[in-house]
Amino acid sequence: MSLRSELRQQYDIIGSLQPATHVPQNWNYEIPSSLYRAYMHPPHDVGGQRDVPLQYEEKEEEQWELNTYVTCEVLGWRGIWNAEERRRRADNDLGYTLYLGMPYYGRWIWAAARMLVDKNHVSLTELLEKIAEVKSRHER
Amino acid sequence: MKDKKTSKAPEKTDNAPARFKAGDRVRVKDLPNMFYSRTQMYARGVSGTIAARTYQDLIPEDEAFNRDGRLEQYYIVRFRQKDLWEEYPSEKDTLQTEFPDRWLEPV
């Protein structure tokens, strides 16, 4: 992000993701237990929450979604993780903002990448450099 | 990629005993939420009836962290919708969902 105007725009987008309950200090030692329970609530436990009516749409999987699915399954067959660990990482560990903001298979591939880094199958720098390389190939 | 096994098939010999049978009244435990759960918040602390014993499997809290724990019996538990949602309009409707043994206690 070399343009300073793009940098400012990016900070504004990050700012728009601030949680609805935002305590500007970090020394709030006491929070009500109901708020604590809300913070600990697993994002994927959505049953019972209020929501607006949604339009149901038929949509075919895109190629990257199928690739993601196969990648995650192969990681399972090779014993690198199991389906429950995948759910834990993709539905819980990524937190509310990503859970609600990312596409369904975006959460899967985020979880797979995080798991491979956590378990030292790839290093973070290896992953970042690979993503940058692929990105530059596509931008050419 | 390293070919390293991080999980293996659980030992089938170390099963926890199945405490409930179809028709038993049970209540879902209300344990704290932390890091991972598959026990819905709306079912916690609510009583229902065992509709069926299903299979034995690892519990989600172990499997999600790659712990090869013991196998537990899973059950389908049937709740009255009215017990789950006070405002639910019909007395007759039920909701069925599934829990491992340790999330249930006898009523």
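Author: Let's start with pLDDT, which is the predictor's confidence in each residue, from 0 to 100. You need it here since this is a predicted model: local features need pLDDT of at least 70, side-chain atom pairs count only at pLDDT 80 or more, and totals for chains, interfaces and linings use all residues. Residues are numbered from 1 along each chain as its sequence is written, while chains are lettered from A and ligands numbered from 1 in the order in which they are written.

Reader: Where in chain A is confidence lowest, and where is it highest?

Author: Helices (H or I, at least four residues) and strands (E, at least two) are DSSP runs, numbered from the N terminus. In chain A, helix α1 (residues 4-16) has the lowest confidence, a mean of 85, and helix α3 (residues 63-77) the highest, at 98. Chain A has a mean pLDDT of 91.

Reader: How many helices and strands are there in chain A?

Author: Chain A has 7 helices and 0 strands.

Reader: Why is chain A called more spread out than a compact globule?

Author: Take the radius of gyration over C-alpha atoms, then compare it with the globule rule, 2.2 Å times the number of residues to the power 0.38. For chain A the radius is 19 Å, well over the 14 Å the rule gives for 140 residues, so the chain is more spread out than a compact globule.

Reader: And chain B: in what order do the strands of the open sheet run?

Author: Two strands pair if DSSP finds at least two bridges between them. In chain B, 5 strands form an open sheet, β4-β3-β2-β1-β5, with antiparallel pairing. Its edge strands, β4 (94-100) and β5 (104-106) of chain B, each pair on one side only. Strand β1 (residues 25-28) of chain B pairs with β5(B) over 3 bridges, and R27(B) stands opposite E105(B).
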